[in-house]
Amino acid sequence: MGKAGGDSAALINEQGLRLDGRRIDELRPIRIEVGILRNADGSAYIQFGKNKIMAAVYGPKEVHPKHSALPDKSVLRCRYHMSPFSTEERKNPAPSRREIEISKVIREALEPALMLEDYPRTAIDVFVEVLQSDGGSRCAGISAASVALADAGINMRDLVSACAAGKVAGQIVMDVDDTEDKEGQADLPIAIMPMSSQVTLLQLDGQLNDEEFHKAFNFALDGCRRVYQLQREALIGKYFGNNGGNSDGGL
Ligand code: ADP
C-alpha cells in the first residue's frame, strides 16, 4: 500500500473536487440487494462505487469436523476472497495473506452483532466474494455480509455498517477509492453497530494526527450511518415491500 503521498495534490482540484468528481465529504453511490442467491440461506449484493461484492451465508449447520463445534455457541467462519477478474491485473485465486487477514477482521466485525449463543454446536459460514474491487472492499463486504446474515434469519442484536475515511492530498476525505488509497496518506476503515454505536472494526493504514483522526473518524461514522439507512431500506424492501432484491433467485 503506497501511503507515501506521491503527487497527491492532483487528487483534489482547486474547486475541492476529487478525481471522480466527489466532494471531500461525499460517499460513492451505493446499491444493496437482498436475497439474490437461491442456494444460500441468506445473501446480499452490494455495489459501493465500482466495488461489486456478493455475500452468502450458510447455516446454522452441523460442524465438520465435529470436534471444532462449541458447546455453548455457534462457530462463525468467514472467507473474504477476491475473484481473479476483480482487479486490473489477474489476481492469483489462491488466498493471500491480505485475504486471510481481512477474513479475520470481517469475522471479528460481525461477531458482536450475532446471537451465536442461540445456536450451540453449529457453524455459520459467511462468504464475501469480491467480483470487482476499487478500494474499501472490506467495508462494503462487511455491510453486505451483515445484510446476508439478517436475510438468513440469524438472530442479531444489530446490523453492522462499515465505511472508510482517509487522508488524500493533505485533506481528510470520506470513503477513499482505490486510487486515493494508493496515492493518499491514510485509510481508516471502521464498522459500527448503529443502534448501540459500538465500533466493531477500526484499522488505520498510514498516519493521522489527533485532529485528523477525529475528523476522519467522524466522516467514516457518517458514512456508516448512511450505509445503515440503505441496509435497512433493502431489508424492508425485501420483506415488507417489493423492491428489495430479486426474489426469484436469478441475477
Ligand atoms: P480494501 O479493499 O478494504 O480497501 P486494501 O486497502 O488492502 O483493502 O486494498 C485496497 C484496494 O487495492 C482493493 O480494494 C483493491 O482494489 C486493490 N487490491 C488489493 N489487493 C490487490 C491485488 N492483489 N491486486 C490488485 N489490486 C488489489
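What pLDDT does the protein average, and what share of the residues score at least 70? The protein averages 93, with 92% of the residues at 70 or above, where pLDDT is the predictor's confidence in each residue, from 0 to 100. This is a predicted model, in which local features need pLDDT of at least 70 and side-chain atom pairs count only at pLDDT 80 or more, while totals for chains, interfaces and linings use all residues. Residues are numbered from 1 along each chain as its sequence is written, and side-chain values use heavy atoms, with hydrogens and water left out.

Let me turn to the overall build. The protein has 4 helices and 10 strands, these being DSSP runs numbered from the N terminus, with at least four residues (H or I) for a helix and at least two (E) for a strand. Of the 251 residues, 52% are buried, meaning under 20% relative accessible area with a 1.4 Å probe, protein chains only.

An open sheet of mixed pairing is formed by 5 strands in the order 1-2-3-5-4, and two strands count as paired if DSSP finds at least two bridges between them. Strand 1 (30-34) and strand 4 (75-82) stand at the edges with a single partner strand each, so one side of each is left without a neighbour in the sheet. Strand 2 (residues 42-48) pairs with strand 3 (residues 51-62) in the antiparallel sense over 7 bridges, and F48 has N51 in strand 3 as its bridge partner.

One caution remains: over residues 244-251 pLDDT stays under 50, and the model has 16 contacts for them beyond four places in sequence, a contact being heavy atoms within 4.5 Å.

Technical notes: Buried means under 20% relative accessible area, exposed over 50%, partly exposed in between (1.4 Å probe, protein chains only).
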